[in-house]
Amino acid sequence: MSFRRIWLIGCGNMASAMLRRWLDCGLDPAHVTVVRPSGAPVAPGVRVVRDVPDEPAPELLLIGVKPQMLGDVAPGLQAASTGIVLSILAGTKLTSLRAHFPEAGSIVRAMPNLPVALGKGVVATVSDAPIAPDLARLLDQLGLVEHVPDETLFDAVTALAGSGPAFAYRFVDALAKGGAALGLDPAQASRLALATVGGALALARGDGTPPGELAERVASKGGSTREGLNVLDTGLDDLVAECLAAATRRNAELGG
């Protein structure tokens, strides 16, 4: 039996991306209530209220507010948090969530990324109980779901998969800017960069060969690709490692 009462507390970019995908996959909007102070609509048929309704608790309560707001909103959610609590709050650990929602049937931390809106995202999970089949089906609709048994690694997963799309966009942007610097029209360079990276990733997903090996296949000895890789290889790994380390530290700070 699927959920008939789903409440979203907050509906920012990530929560709305998840909701759009679920609706596209057939979730009945009449089963969804969004609680947001603005009262702004989110999707046709989805009820939006400014305050927590005085109604029976939902089967699934998704917490999508900013992490620093949890202490403010949690007291008003005690009666609503007796089912499954699904948190997408960066850095907020299971012990903290359990302290805020002591009556929850189970608590699941999830870290999705924005491509979930297309069903091509990554969702990392960690939980204090086995994930219910109904929730597992919802998460599967978002893309690749990876359960992380050790919560101490969750900040690193968040940096890699949660923040990763932003880092990938930066690379595509840099690729386009590099092309423009060589004389290409900037708009054309952007189209070429997006198509090149998109095609390369599609090939990597379908081929099964490690990306590093695919790079070597493209780069012939003494060729132009090899010359470019020689530049990237002088510091790209270290730069990306520093990038992920910085994001991981910040995730830990956000969780207190």
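A salt bridge here is a side-chain nitrogen of Lys or Arg within 4 Å of a carboxyl oxygen of Asp or Glu, and helices are DSSP runs of at least four residues, numbered from the N terminus. With that in hand, let's walk through this predicted model.

Asp 134 and Arg 137 both lie in it, 3 residues apart, or about one turn of the helix, and their side chains meet in a salt bridge at 2.2 Å, N to O. Asp 134 counts as buried, at 17% relative accessibility, while Arg 137 is partly exposed at 47%.

Helix 6 holds a pair of its own: Asp 173 and Lys 177 are 4 residues apart, again about one helical turn, and their salt bridge spans 3.1 Å, N to O.

Now look inside. The largest nonpolar core has 28 residues, and Met 18 and Leu 62 are among those with the most contacts within it. Helix 4 is one of the elements that supply at least two residues of this core, but the largest share, 6 residues, comes from helix 1. Met 18 also touches Leu 86, Ile 88 and Pro 112, among others. A second, separate core of 24 residues includes Leu 94 and Phe 154.

Finally, turn to the surface. Leu 232, Leu 236, Leu 239 and Val 240 make a nonpolar patch of about 320 Å², to which helix 10 gives the most, with 3 residues. Leu 239 is exposed, at 55% relative accessible area.

Conventions:
Residues are numbered from 1 along each chain as its sequence is written. This is a predicted model: local features need pLDDT of at least 70, side-chain atom pairs count only at pLDDT 80 or more; totals for chains, interfaces and linings use all residues. Side-chain values use heavy atoms; hydrogens and water are left out. Patches are made of residues with over 30% relative accessible area and no salt bridge: like charges are joined within 9 Å, nonpolar side chains (Val, Leu, Ile, Met, Phe, Trp, Tyr) within 5 Å. Accessible areas come from the Shrake-Rupley method with a 1.4 Å probe; for residues, only the protein chains shown count as cover. Buried means under 20% relative accessible area, exposed over 50%, partly exposed in between (1.4 Å probe, protein chains only). A nonpolar core is a set of buried Ala, Val, Leu, Ile, Met, Phe, Trp, Tyr and Cys residues joined through side-chain atoms within 4.5 Å. Contact means heavy atoms within 4.5 Å. Lists of a residue's contacts leave out its neighbours within four places in sequence.
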